[in-house]
Amino acid sequence: MLEMRKDLFADERDDNLNEVGKGSQRQDMPGHVTARTRFFDDHAFDGLLHLKVVRSPHAHARIRSIDIAAAARAPGVKRVLRGADVPVNKNTLLSLINFGKDDEPTLAVSKVCYKGEPVVAIIADTEAQAHAARKLVRVEYEPLKPVFDVEEALKPGAPVVNETYPGNYFEYHERFDHQKLRFGDVDAAFARADQVVEARYQMSPIEHAPTETNGTIAAPEHNDRYVVHSCAQGLFFSLGTTAKILNLESNRLHFIGGTVGGGFGGKVDSLTEPLAVLGAMLTGRPVRYVLDREEEMLTGSPRGAERIYVKDGVMRDGRIVARHIRSYFDAGAYTRLSSYAAIKCTAHIPGPYSIPNVSSDVYVAYTNRCPSTAMRGFGVTAVDFAIEVHMDRVAEAVNMDPMELRILNAYRDGDMKAHRRVAKNTALIECVQVAAEKAGWPLSDTARRQTSVASGGAGERGQIPATVIDQRGQIGRPDTRTGGPTQTLPAGTTRIALSKEPVMEGARDGRAAPTQVPRYEPAPRHEPARAQPPAYAPQPAPPAPSYQPASPPPAPPAPAPSPAHTQHGAVRFSSVFGTRRR
Amino acid sequence: MAKHPVQFRLNGSDRATFVDGAENLLNTLRRGLGDFAPKYGCGQGTCGVCTVLVDGEPHLSCLTLAVACEGRHVETASGMADGPDFHPLQAAFMDHFAAQCGFCTPGMLTAARALLAKNPNPTRDEVVEAISGNICRCTGYEPIIAAILAAAGSSGARRA
């Protein structure tokens, strides 16, 4: 039963709730119980065609040749599609908000980067005919050495997974090889801590396994449009992605959906929409492309695996004085939403604790595994798992009750967080107190008396400490990636590097062709010219070809960030990520 | 491919259609007869979203040949309501918030209906057993169990 604890934070809200705490019937419930609810596949069309794809049997291979002749002649086959038939056969999901480079083909052309990658699509009168014709497609592969481990992938000489990112890491703002957080001086704090507790955590990829598999039915409509019954969780996201890949005005796409038979994050990738609509365009008939259960489990993108190293400096009394986190997010073969996951991960560090010295380095690494995507708090869930297990380890190390340790280190209203934002509406202490009470877990009187609303922000807790910064992670400066600290910022200041201005990609309103324009303006003239990264050039050689000599001088530390200098991508894009609201 | 005629009673109405020899009941209902209550979830008989009643017995329609239903009574969740009035199980599912995404709901209702037809006053364990072949990936089993027990206790439950 729902229990409303109105005694907590009573002064922080107007207690005039009209719906919370009361039963209220959902409007979709009658449809669900009468089976009148229409999911994407619950639509009848005359002359419905069925699309099935031929998938790569290799984790990493060069495609030598594709022979579709026999498949095209097979009974019932209406059309066989290859990469060349896809108008814009390279995309990245977040290109709709100008984030990242197009790196993923709809149908593979020159190489396959994970087992199950689509190579050829077959459209036939029946599913059985499409399945049968699938076996007649001849693809000749030259297997390449795969890499499946995130840290192996980042080592020099590792196989290049995704030729758009030859270093096997996502390039943030075409400038950084990882997401970075620096607050205070962790190394100095480790040196003076009574104990240092360090551990490695690994999460596996997790398949969402929705009961309704991914799928789409697309059909020509009147007025030269296409109606698209889609499983997408983000219907307009999928519409924009489809419009871009098909080089089609978005107002020619009539997406219908929103009723999703279980998504959990696994239906944001537009796995089926573009090919189904392309099929309808090329055949003039309704086309249904639905993953079967095996495809859903093996090739539907999972939650990305993460490897996380946590290192805490702890005092004898249980105070955590430093936390360093190094994390590797396994994107699989293509970016999809992993670049965003690492931002969320960084934004969550160091968890709901007030720690005076924090640093983190979060990498998005490409491996020859199925591309990963959103899933219920992705980016945060794994690092939270690592942090909370680590809290128990720390409690053990200092011989302290784990609940008491959390209350001791919990953040409170007014504390300065590692992201230079003041903590507000914090409630970890109260949550732990209630959990302990429910579990019959004894707490000391001191722990029971604590509250989130008092003594936060006192003294140093409310201040931005003097912060050691370094150049590690800047693309083009491999010699400094493992180098030591290089600068210390004065307390209370934040350095935001001068950067290239992001440029808008232009007409997304259905007029101009979505093309692969550069995401950024060239470097400003006063900086030395950068070597052009050979982004799309086949690059079988070991990574690091995009490095340049460490010639550009480090940007001068700005005494105080002026508005004109806050146009760095991290700020510009964060309205989407919700990390920096003003 | 040669088509076979097949005729059966679907939710009280006589229906006839032509099927391929190997066509399963799920496809026949959905694509042939336009009853979209049974869903495709796995095609392997593991998830239960395609559950229908054949002569009152729960069957996985993805593993049932359409031609095997010749002359039989097939019932789906589409036929549960009595005109505009909800079946007691449907009403109980609504009251107990026993559907989240709704995709497993028709199969769940059908499995529960088969249980209550045989055993109007099941124990909790019997309810759990009866829906053990139906996966709810939103993991809302507790409200579903509560709804089935509540429907069993309601006066109209024996109608099932």
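How many residue pairs are in polar contact between chain B and chain A, both at pLDDT 80 or more? I counted 15. I took a polar contact as a pair of N or O atoms within 3.5 Å; within protein, one must be able to donate a hydrogen and the other to accept it, and residues adjacent in sequence count only if both atoms are side-chain atoms.

**Ground rules.** I am working on a predicted model, where local features need pLDDT of at least 70, side-chain atom pairs count only at pLDDT 80 or more, and totals for chains, interfaces and linings use all residues. Residues are numbered from 1 along each chain as its sequence is written, chains are lettered from A and ligands numbered from 1 in the order in which they are written, and side-chain values use heavy atoms, with hydrogens and water left out.

**Interface.** I looked up who takes part: 33 residues from chain A and 30 residues from chain B, with contact meaning heavy atoms within 4.5 Å. The buried area is about 2500 Å², and carbon and sulfur atoms give 58% of that. Buried area here is the accessible area (1.4 Å probe) that two parts lose on being put together, summed over both. Arg31(B), Met94(B) and Arg137(B) supply 26% of what chain B buries against chain A, more than any other three residues.

**Salt bridges.** I found 4 across the interface, each a side-chain nitrogen of Lys or Arg within 4 Å of a carboxyl oxygen of Asp or Glu. I checked Arg31(B): its side chain forms a salt bridge with that of Asp41(A), at 2.7 Å, N to O.

**Val260(A).** I located Val260(A) in the loop between β11 (253-256) and α7 (273-283) of chain A; helices (H or I, at least four residues) and strands (E, at least two) are DSSP runs, numbered from the N terminus. Val260(A) is buried at 16% relative accessible area, where buried means under 20%, exposed over 50%, and partly exposed in between (1.4 Å probe, protein chains only). Leaving aside neighbours within four places in sequence, its contacts include Phe39(A), Glu212(A) and Cys101(B). The C-alpha atoms of Val260(A) and Phe39(A) are separated by 6.5 Å, though the two lie 221 residues apart along the chain.

**Cysteines.** How many disulfides are there over all chains? I got 0, using cysteine sulfur atoms within 2.5 Å as the rule. Cys42(B) is buried at 6% relative accessibility. Cys136(B) is buried with a relative accessible area of 6%.
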